Amino acid sequence: MEELRSWLETQREIPLEDMDGFFASRVKIYDEHMSLWKEAYRVLPDYLPEKVDTILDLGIGTGLELEAIYRKFPSVSVTGIDLSRAMLDELERKYPDRKFTAVCGDYFEENFGPDYDAVVSVESLHHFSPIEKGKLYHKIYHSLKRGGTFLLCDYIACCEEEETLLAEECMRKKKAQGISDGELVHFDTPLTLARELSLLRAAGFVSAEAVNSIEGATIIVSVK
């Protein structure tokens, strides 16, 4: 924790960036930056059901997980939601001939619709509070078919101390900049694994289990 505290001190006066602007300004370097987790992207489809026709991908970005998903499920239809139009433009250039629908918007506000075989989110939800996640997990639950899978791959806080420290620093920065709670900003506030699993079960999932962790990216499988 001392290393984290030291790092936060070096970032103390660096202002928060709004979420869309943060990713739009980094779209050209995003894939290289995220290559640290290439093995996590590769194995992700192994945790999906054997038969998948429809997938909802939240915070899809440039779609790094889709290469492996399309390899295993070449005819799958994917709907991807992301705040960044620049990211979605890059994604659509990658997969012009696939069954893919891009939705530029806030997944807290967008209507998902029902009956997906799976919902996927990779390295996107670690910016949000337990209250925000709890509401989102309920939306995800109701968007899935009975027996459908929510596949979450994300940062996890090592302990309650880390979770609390980052949440408090985010709130301090927001207050200093006059940012309201409803505004989406880029700052990592991961939750502990126990907290994540509790929120998923409270949303209605009959099972929620961490099945792998690769370079700090924890894969959680939840089944409706």
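Colleague: Which residues do ring pairs link into a cluster?
Modeller: In this predicted model, ring pairs join Tyr137, Tyr141, Phe150 and Phe205 into a cluster. The count of aromatic pairs comes to 10.

Colleague: Why is the pair of tyrosine 137 and phenylalanine 150 called tilted?
Modeller: The ring centres of tyrosine 137 and phenylalanine 150 are 5.7 Å apart, and rings pair if their centres lie within 6.5 Å. Their planes stand at 55°; stacked requires under 30 degrees and edge-to-face over 60, so the pair is tilted.

Colleague: Where in the chain do these two residues lie?
Modeller: Tyrosine 137 belongs to helix 7 (residues 130-143) and phenylalanine 150 to strand 5 (residues 144-154), 13 residues apart.

Colleague: What makes tyrosine 137 buried?
Modeller: Buried means under 20% relative accessible area; tyrosine 137 has 0%, and therefore counts as buried. Phenylalanine 150 is also at 0% relative accessibility, so the label buried applies.

Colleague: Why is the pair of tyrosine 141 and phenylalanine 205 described as edge-to-face?
Modeller: The planes of tyrosine 141 and phenylalanine 205 meet at 90°, and the label needs over 60 degrees. With the centres 5.3 Å apart, the two rings form an edge-to-face pair.

Colleague: Why can this pair be said to tie together separate parts of the sequence?
Modeller: Tyrosine 141 is in helix 7, whereas phenylalanine 205 is in the loop between helix 9 (193-202) and strand 6 (207-214), so the pair ties together parts that are 64 residues apart in sequence. Both tyrosine 141 and phenylalanine 205 are buried.

Colleague: How do you know that the charged end of lysine 139 sits over the ring of phenylalanine 112?
Modeller: The charged end of lysine 139 is 4.1 Å from the centre of the phenylalanine 112 ring. The rule asks for a distance within 6 Å and a position within 35 degrees of the ring normal. Arginine 26 likewise lies over the face of phenylalanine 22, at 3.7 Å from the ring centre.

Colleague: What lines the largest pocket?
Modeller: The largest pocket holds about 540 Å³ of space. It is lined by 34 residues, and Phe23, Tyr30, Glu123, His127 and His186 are the closest to its centre. By class, the lining has 16 nonpolar, 11 polar and seven charged residues. Helix 2 gives the largest share, four residues.

Methods. Residues are numbered from 1 along each chain as its sequence is written. This is a predicted model: local features need pLDDT of at least 70, side-chain atom pairs count only at pLDDT 80 or more; totals for chains, interfaces and linings use all residues. Side-chain values use heavy atoms; hydrogens and water are left out. On a 1 Å grid over the protein atoms alone, a cavity is a set of points where a 1.4 Å probe fits but cannot get out, and a pocket is an open set with protein on both sides within 12 Å along at least five of seven lines; lining residues have an atom within 4 Å of a point. Grid points are joined across faces, edges and corners, and a volume is the space filled by probe spheres set on the points. Ala, Val, Leu, Ile, Met, Phe, Trp, Tyr, Cys and Pro count as nonpolar, Asp, Glu, Lys and Arg as charged, and the others, Gly among them, as polar. Rings of Phe, Tyr and Trp (its six-membered ring) pair if their centres lie within 6.5 Å; planes under 30 degrees apart count as stacked, over 60 as edge-to-face and the rest as tilted. Buried means under 20% relative accessible area, exposed over 50%, partly exposed in between (1.4 Å probe, protein chains only).
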